[in-house]
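Visitor: Please pick one part of this model and take me through it closely. Then show me how the rest is built around it.

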Protein chains: 2
Amino acid sequence: MASTSQPRSPLAKLATELRKELSSVHALIREHAKSDHVARIQQITDHLLGSGGKRIRPILTLATARLFDHSGVNHLHLAAAVEFIHTATLLHDDVVDQSTQRRGRPTANLLWDNKSSVLVGDFFFARSFQLMVRTDSIRAMDVLADASATISEAEVIQLAATHRVDVDEETYYRIIGGKTASLFSAATKVGALVAGGSEAELNAAGRFGNALGISFQIRDDILDYGGSEILGKNVGDDFRDRKMTLPIIRAFSQGSREEREFWTRVIAQGDQRNGDLEHALGILNRRGILDSIQTDARKWSKTAQNELHNLPGHPIRELLAELSEFAVSRNS
Amino acid sequence: MASTSQPRSPLAKLATELRKELSSVHALIREHAKSDHVARIQQITDHLLGSGGKRIRPILTLATARLFDHSGVNHLHLAAAVEFIHTATLLHDDVVDQSTQRRGRPTANLLWDNKSSVLVGDFFFARSFQLMVRTDSIRAMDVLADASATISEAEVIQLAATHRVDVDEETYYRIIGGKTASLFSAATKVGALVAGGSEAELNAAGRFGNALGISFQIRDDILDYGGSEILGKNVGDDFRDRKMTLPIIRAFSQGSREEREFWTRVIAQGDQRNGDLEHALGILNRRGILDSIQTDARKWSKTAQNELHNLPGHPIRELLAELSEFAVSRNS
C-alpha cells in the first residue's frame, strides 16, 4: 500500500501490527480456497488471491479481537470467513455488473466466464460457512448469516435501482448499508464476540463497523467525481457506468428541470456525449454537492470514532480512530 | 403427484404420513423466502414456490427424524434449510445451463434475468444458513456446510466436462455424487442427527441418502432415453442439450470408431440432424447400455435398502425402502 517516502496509511499500520495473525489468515484462506479436483477453482482462486485486495474486512476482525487482547484462534477463522463472503460477493457482483476490471486487473468473468464466477462464488460462500463452523460459535454464525442475507437483499435492491435517476437517498443508504456496511459491521462485531466482549461492547463494535463502512463508501462515491482535489486518474468511472451513487442522487433531487433532463439522458438513457462528464462536474461544483456529501461522510466518520470510546482503550483503538479519519480524507 | 385412480407413489405416502410437519416446513419456507423491501425477491419466490417441486429433500429430513420419533422443532428448520440450499442451487444451475424450462414452467432466468437468479439464489443460500443457525446444532451446520461446498465443486467439475464426450464414469459419479447425492445424504444425516441417533445410525442415514440420490439420478438419466419402456414424452431432452449423462458416457467408452465419431459430432460438436436421436437410441439398444446402467441403478437402490437395516424399525422405514425401490422402477 504505502511506499517509504509517504506517510503510511492507518490500514498499512494495522496490517503491520497484526502481521502475524494476518499471515495465519492468509494461510487459512489459501488452504480453504484450494480444490484438489477442480482446476478451474484453483485458477480463479490464484487470480483473486494474486490481486492484492486491501483485506480491510479481515483486518477489522483481527483488530477488534485484539482490543480485548484475544489470544485464541477463532478470530482467525472468522476473519478468513469474512474475506470469503466478501470475495464471493465480488465474483457475483462482477457478473451482475458485467464488469471487466477490478483493482486494475481483468475480472474473473472476463478471463473465464460468468458461469465459473457464479459457481466459484458459491464455492467460496460454502467455504466461509465451513470456516465459521470450525469456531463453534453459533452467535458468530448468526451475525454472519444475517449479514449474508442483508448483502444479497441489498444487491437485489441495487439491481432494481439500476440507471433509475429518481432513486432516493433512503434507498441509497439501504443499498450501501447492505452491500458494504453490513459486512464491515459483522466483521467488527464477531471480532468482539469471539474475544469475549460484553453485550454493550459487541454492539458498539458493530455500530463502529457500520459507520466506518458507510463513510468509506460515501468517500468512494465522492472520489469518483474527483472530490475537491485535483482530478484523479479514474474520475468518471461511475458516471460512464451510469451508477446511481450519492452525488447523482443528490444532484438529481435538487436539480432544475434542465439538469434533471441532463441526468435522465446521461444516466437513465445512457446517451453520453463529449463534454457530458465536464458538464456533470460543473453542476456538482455549482451546487456544492460534493461538499455537502463530504459533510455527511464526516458525520459517519465521527459516529465511528465515537463508538470506539465504548471499546477498551488500546493502541489498536487509536489506529482504528485514524482509519475512520482516513476513510473520509483519503484521495484514492 | 398421484391421482386417485393409480397406486400412490411412496413419496406421496411419505408426504401424507408427514403432512403436519411438512406443512410447518412449507410455512417456514414461505416466511423465510419473504423479503419485505425487495419486490423482485418476492416475485421469484412466488414463482418458485408455485412450481410444485416434489420436496423430496425436506421429506427425507422429516422422515429420518421420524424414525427416531423425534418431537422437537429443529428438524423442521433443517428441512427448510435443505430445501433453500436446493432452490438456490436450481436458480444458479439454470443460469449456468441457460435453461428455459424447469418442471414444465419457464425458469426464473428466462422470466426475469440471469442477474436476479444469481442474487436471489445467494439470498436463498443465506436464508438456509439463518435457518440452520436457529437449530443451535453446530454438527448439523457442519454437515450442511460440507454438502454446500461439495455441491459447488461438483457444479464446476460438470461445467468443465460440458460437451466432453470422453468424460469417464469416475467423473460422472463425482458430479452426481456432489450435485445430487451429497444433499440427499446431508438431508438424511441431519434428520438422524437432530433426532438423537447414534453415531452409527447417523452415518447409516447419510449412506442411505447418498445411495438413494445416486439411484434417483441414474434412473433420471435412463428415463431421458426412454428406458426399456414405451418412450416418454420428454425423451431426448438430455440428448438435445448435449448433456454428458451416463448412457452417453458408457456408449462412448464402449463404442466403435464409427460410433465415437457419431457421439463426437452430435454431443461434442452439437451438429444434430434429423434421425440422430433415433440413431443414438439404436446404438444404446444394440449395446444394451440402458439395461447395464439399470443394473447399476438397482445396485445403488439395494445399497440404500441395506443401509435402512441399520436404522430403527418403524413404519416410515418401510416407506423409505419403498422409495428406494421406486427410485429405480419409476417411469417418470
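Guide: A residue counts as buried if 20 or more other C-beta atoms lie within 10 Å of its own, as exposed if 12 or fewer do, and as partly exposed in between, with C-beta atoms placed from the backbone. By that count, 52% of the 332 residues in chain A are buried. The model is predicted: local features need pLDDT of at least 70 and side-chain atom pairs pLDDT 80 or more, while totals for chains, interfaces and linings use all residues. Residues are numbered from 1 along each chain as its sequence is written, and chains are lettered from A, ligands numbered from 1, in the order written.

Take helix H14 of chain B, residues 276–286 (helices are DSSP runs of H or I, at least four residues; strands are runs of E, at least two; both are numbered from the N terminus). Its buried residues are Ala280(B), Ile283(B) and Leu284(B). Viewed down the axis of H14(B), they fall within an arc of 95°, so they line one face of the helix (the arc is that of the directions from the helix axis to the C-beta atoms). Glu278(B), Gly282(B) and Arg286(B) are exposed on the other side. The cover over the buried residues of H14(B) includes helices H11 (237–240), H12 (246–254), H13 (257–268) and H15 (289–308) of chain B. After H14(B) comes Gly288(B), with a positive phi near 65°.

Now the wider setting. Chain A has 16 helices and 2 strands. Its C-alpha atoms fill a box of roughly 60 × 50 × 40 Å along the principal axes. Of its contacts with a separation of 6 or more, 74% join residues 24 or more positions apart (contact: C-beta atoms, placed from the backbone, within 7 Å).

The two chains also meet. The contact takes 36 residues from chain A and 36 from chain B. On the chain A side, helices H3 (39–49), H5 (74–97), H7 (114–133) and H8 (138–161) each give two or more residues. H8(A) gives the most, with 14 residues. In chain B, Leu144(B) touches Ala81(B), Ile85(B), Met132(B), Ala186(B) and Val190(B), leaving aside residues up to four places away in sequence.

All the interface residues of chain A, 100%, are interface residues in chain B too, so the copies meet through the same surface. A rotation of 180° with 0.0 Å of shift along its axis superposes chain A on chain B, RMSD 0.0 Å (by least squares on C-alpha atoms of residues with pLDDT of at least 70 in both). The two copies are thus related as by a two-fold rotation axis.

Technical notes:
Two residues are in contact if their C-beta atoms, placed from the backbone, lie within 7 Å.
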